[in-house]
Amino acid sequence: MFDPYVYPSTDVLKNILDIKDRKKLDDAEADYVSLRLRELVENPLAGDYGFTHITKMHKYIFQDIYEWAGKIRTINMEKEEPALGGLSIEYSDKAEIREDLSQALVRMISRH
């Protein structure tokens, strides 16, 4: 199946930095994401933590790496995570992202 998010014949996500080596991309992503998360801790994005607010945070966190940051995926995905020993976290089905996020937010709110 054609994956519009990866470079052809690789498992490397297309990225703004045009890095085509998986390890280098993982390292760059970790550096940029750490920086952006630190910035968000110091200066949170105003919002209600609803769907739109979360997509704005995603865009902010990944803006230096991925052009599609903050946008809904058009295909299902799996991505090996170095922090998980190469396993993938369970991502929502592309058709269920909005609903899954809404349910997760409701569960988080009900715990506080």
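1. A residue is called buried when its relative accessible area is under 20%, exposed when that area is over 50%, and partly exposed in between. Aspartate 18 has a relative accessible area of 46%, so the residue counts as partly exposed. The model discussed here is predicted.

2. Confidence comes next. The mean pLDDT of the chain is 89, and 91% of the residues reach 70 or more. Helix α1 has the highest confidence, with a mean of 96. The lowest is in helix α3, residues 97-110, where the mean is 86.

3. Aspartate 18 deserves a look for its backbone. Its phi is positive, about 55 degrees, although the residue is not a glycine. Most residues other than glycine have a negative phi. Aspartate 18 sits in the segment before α1, the helix that covers residues 22-42. The side chain of aspartate 18 also forms a salt bridge with lysine 20, and the closest N and O atoms of this pair are 3.6 Å apart.

4. Tyrosine 49 is another case of positive phi in a residue other than glycine, with a value near 60 degrees. Tyrosine 49 belongs to the loop between α1 and α2, where α2 spans residues 51-62. Its relative accessible area is 46%, so tyrosine 49 is partly exposed.

5. Salt bridges can be followed through the model. The whole structure holds 6 of them. Lysine 23 pairs with aspartate 27, with the closest N and O atoms 2.9 Å apart. Why are lysine 23 and aspartate 27 separated by about one helical turn? They are 4 residues apart in helix α1, and that spacing is the reason. Lysine 23 is exposed, at 53% relative accessibility, while aspartate 27 is partly exposed, at 35%.

6. Another salt bridge joins aspartate 64 and arginine 36, whose closest N and O atoms are 2.7 Å apart. Aspartate 64 is in the loop between α2 and α3 and arginine 36 is in helix α1, so this pair ties together parts that lie 28 residues apart in sequence. Arginine 36 is buried, with a relative accessible area of 15%. Elsewhere, salt bridges link Asp11, Arg22 and Asp26 in a network.

7. How do α1 and α2 pack, and at what angle? The angle is about 130 degrees, and the axes are 8 Å apart. Angles over 145 degrees would count as roughly antiparallel and those from 65 to 115 as roughly perpendicular, so α1 and α2 are oblique to each other. On the α1 side, the contact is made by Glu29, Tyr32, Val33, Arg36, Leu37, Glu39 and Leu40. On the α2 side, Tyr60, Ile61 and Phe62 take part. These residues divide into 7 nonpolar and 3 charged, with no polar ones. Arg36, one of the contact residues, is also the salt-bridge partner of aspartate 64.

8. Is histidine 53 buried or exposed? Histidine 53 is buried, because its relative accessible area is 4%. This residue lies in helix α2. Leaving aside residues up to four places away in sequence, histidine 53 touches Leu45, Ala46, Gly47 and Asp48. Histidine 53 and glycine 70 are 17 residues apart along the chain, and their C-alpha atoms are separated by 9.7 Å.

Technical notes. Residues are numbered from 1 along each chain as its sequence is written. This is a predicted model: local features need pLDDT of at least 70, side-chain atom pairs count only at pLDDT 80 or more; totals for chains, interfaces and linings use all residues. Side-chain values use heavy atoms; hydrogens and water are left out. Helices (H or I, at least four residues) and strands (E, at least two) are DSSP runs, numbered from the N terminus. Buried means under 20% relative accessible area, exposed over 50%, partly exposed in between (1.4 Å probe, protein chains only). pLDDT is the predictor's confidence in each residue, from 0 to 100. A salt bridge is a side-chain nitrogen of Lys or Arg within 4 Å of a carboxyl oxygen of Asp or Glu. Axes are lines fitted to C-alpha atoms, for helices over the stretch in contact, and angles run from 0 to 180 degrees between N-to-C directions. Angles under 35 degrees count as roughly parallel, over 145 as roughly antiparallel, 65 to 115 as roughly perpendicular and the rest as oblique. Contact means heavy atoms within 4.5 Å. Ala, Val, Leu, Ile, Met, Phe, Trp, Tyr, Cys and Pro count as nonpolar, Asp, Glu, Lys and Arg as charged, and the others, Gly among them, as polar.
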